[in-house]
Amino acid sequence: MAHDVQNQMRTKTEFEYTRRRSADEMRGQVTTFAIMIFLTLIAFTAVYADFSPNLVVPIILLLAVIQVIMQLYYFMHMSHKGHENAKFFLFSGAFVAFLTVLTFVTIIWW
Amino acid sequence: MSSIAQKKGFGATLWDYLTTVDHKKIAILYLVTGGFFFIVGGIEAMLIRIQLAKPDNDFVSAGLYNEIITMHGTTMIFLAAMPLIFAFMNAVVPLQIGARDVAFPFLNSLGFWMFFFGGIFLNLSWFLGGAPDAGWTSYASLSLASPGHGIDFYALGLQISGGGTLIAGINFLVTIINMRAPGMTYMRMPLFTWSTFVASALILFAFPPLTVGLFLMIFDRMFDANFFDHTMGGNTVIWEHLFWIFGHPEVYILILPMFGVFSEIFATFSRKRLFGYSAMVFATVLIGFLGFMVWAHHMFTTGLGATANAIFAVATMAIAVPTGVKIFNWLLTMWGGSIKFTTAMLYAVAFIPMFVIGGVTGVMQASAPLDYQLHDSYFIVAHFHYVIVGGTVLGLLAGLHFYWPLMFNTMLDETLGKITFWLFLIGFNLTFFIQHFLGLLGMPRRVFTYGADQGWDLFNLISSFGAIFMAVAVTILLINIVKTIAQNKAVGRDPWGDGRTLEWAIPQPVPFYNFKQTPLVRGLDTFWIEKQEGNKEGMTYAEPVGDIHMPHNSFIPFVMAFGLFVGAFGALYNGEQAWAVPVLILGLLITFLSMGTRSLKDDLGYHIHKEDLMDKKGGKH
Ligand code: HEM
Ligand SMILES: [Cu+2]
């Protein structure tokens, strides 16, 4: 790798384009943030409302999964290009972990 | 290898290797250390076969026998096969993808030294009160009851060397994702690189469960944590699960890279493109995936229940499909090729029937009802030796002959190589084929002796006799190596004449920066393409000659791993010796201080300047 330093000037159009992209992304992040707070409120309500644990636990788990996915896509930029490998490994790992937990739950502790 | 050409003194060379971050030298370190442990494990194997050669033998005691089989299995898998595989990965993969080194040269060295000290620690158990004796699987109900420190040596030693393996695996993943030369798309990667990639992914996901299991085991033994003790609410089966969630992917970590080596050898010596390249890639990835869904086939008789057994049986049998795809593709690669039977090619050709035998017995064991009969008998021993020796070890020996010229610029003697091959093949089949029948006749595995009236005498004697052939074969291989090193006859670039991939296009001896200019990869089998077009240099370049950024050598990885080694003694004798806790703290202090040094002291490496690269010496200072 030859390390020659390169400077790049951006044209006005390029600048406008990035600006709009960033604005879009910002909107996505704020929306997600609002949704996540809302989901958290639901989780709290479910606990305070004294529903049966058989209902509350699955709900909370489900909400947690949704939040993790939002977190990954909107805050950790997994929706961007160039994250295909990370995505692939993340989901493979999650899948393997899921299988493991499933097996333990079904054939050891059931 | 510029350092050798410069004729340094012994001390300087030693220091060079202790501090090196060059993947080519780390490959040699892995090769030598892995080779050493292979001999150690081989000696243990010979002791096993001597003990079993005749009924009611008392060559070794029952307790010592358990230690020997445990250390044989553990040594062969973790300290011989894995590092030898890493030796070839290090030697070949960066060159094959057109990179100047792996992504993290410092970590590469750290990974090696952790493996090294973990292995030494494990083997010191022989001299410090007895080796582990609960089998390489170390099932909790046995290992928790094992007196002495053997099991602690096992758990701590594997923890350290396992950390090294994990580091190495991650390093190769990043290297292959990020460091490929321009034009080397995923679907142009040679199969050895592909299989290294998949094996590294398996390491990434399989070693953490082992780490967890070992920690629970350490806590149980040292602090009475009771994770695996059912009388205290624990569950001994959890260890079995954790071990096999690691263990089954591990056997694929052992075989996949060798599939890669064989693919290269078949294509090279059939002088044909590999048949069905994309199917080969797909099969490799699929095997990697399925490898994580089958671990409970090692536990059919544990009492998981019929449903669980059925699911895992079907999943296991499914693996035979992508494996079959590979076998046929290799056969079709040879079909119609102009085959040259070098030693490496002989190993590759022999591998196919040997591995098929192992695969067929595997599918037999995968049918749960039949496994109730076969489990824990010599049939299992025969199965896994056919896949591991017939697959992995043949692959390592083939790779040794094939890649030796790339690593050392000399060539192993082909005649001696062929003698080794035939002796090894004959001995291997004599030893293990008959063990299928011993298993069917009811001989259990892991017994230190057997009665004379059970009809097992003759078969055991034949089996032991076969082992002698293998020992002779390995001895001849060692003679071959010594002879080759003594003669030191340079063979130059592309010594096989039929090299297809980038690593053979580099001038020999390989410059320490690998590529003066990053190559441009123009297709699968890029060197072959260039040769076809009459390009004498063997490469098209992607960039003009420029400064090359290189990392400095470092002694820190050695010290970091050494700290863990010291600390492990403290952990081992905790609660028994007054010095244990101070030693533990001292060890961890050494490790963390050296980590701190690494983080706080900037080491930005150095540049080889364009002008130095242009002159004849090629940048040697
Ligand atoms: C078609 C592919 C394969 C199938 C269907 C298969 C199936 C099995 C099954 C069912 C067992 C457990 C038997 C028992 O303990 O009762 C087993 C054991 C074993 N297999 Fe395989 N196998 C396959 C390939 C491999 C490969 C490629 C390797 C290694 C390179 C391997 C290494 C082992 C080892 C080491 C054991 C014994 C572990 C122990 O108990 O110590 N197998 N295999
Ligand atoms: Cu398995």
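Predicted model: local features only at pLDDT ≥ 70, side-chain atom pairs only at ≥ 80, totals over all residues.

Modeller: Residues are numbered from 1 along each chain as its sequence is written, chains are lettered from A and ligands numbered from 1 in the order in which they are written, and side-chain values use heavy atoms, with hydrogens and water left out.

Colleague: Which residue is the only protein donor of the iron atom of ligand 1?

Modeller: Donors are N, O and S atoms within 2.8 Å of the metal (3.2 Å for Na, K and Ca), and sites may look incomplete because water is not among the atoms. The copper ion (ligand 2) is 4.4 Å from the iron atom. The sole protein donor, through NE2 at 2.2 Å, is His383(B).

Colleague: In which helix is His383(B) found?

Modeller: Helices are DSSP runs of H or I with at least four residues, strands are runs of E with at least two, and both are numbered from the N terminus. His383(B) belongs to chain B, within residues 378-408, that is, helix α14.

Colleague: Are α11(B) and α12(B) roughly parallel or roughly antiparallel?

Modeller: The axes, lines fitted to C-alpha atoms over the stretch in contact, with angles from 0 to 180 degrees between N-to-C directions, come within 10 Å and cross at roughly 160°. Angles under 35 degrees count as roughly parallel, over 145 as roughly antiparallel, 65 to 115 as roughly perpendicular and the rest as oblique. The two helices are therefore roughly antiparallel.

Colleague: How many nonpolar residues are in the contact of α11(B) with α12(B)?

Modeller: With contact meaning heavy atoms within 4.5 Å, the residues that meet include Trp330(B) in α11(B) and Phe355(B) in α12(B). Ala, Val, Leu, Ile, Met, Phe, Trp, Tyr, Cys and Pro count as nonpolar, Asp, Glu, Lys and Arg as charged, and the others, Gly among them, as polar. Two are polar, none is charged, and the nonpolar residues number 15.

Colleague: What is the relative accessibility of Ser138(B)?

Modeller: Ser138(B) lies in the loop between α5 and α6 of chain B, and its phi is positive, near 45°. Buried means under 20% relative accessible area, exposed over 50% and partly exposed in between (1.4 Å probe, protein chains only). Ser138(B) counts as buried, at 1%.

Colleague: What is omega for the peptide bond from Gln508(B) to Pro509(B)?

Modeller: Most peptide bonds are trans. Pro509(B) is placed in the loop between α16 and β1 of chain B. The bond from Gln508(B) to Pro509(B) is cis, with omega near -15°.
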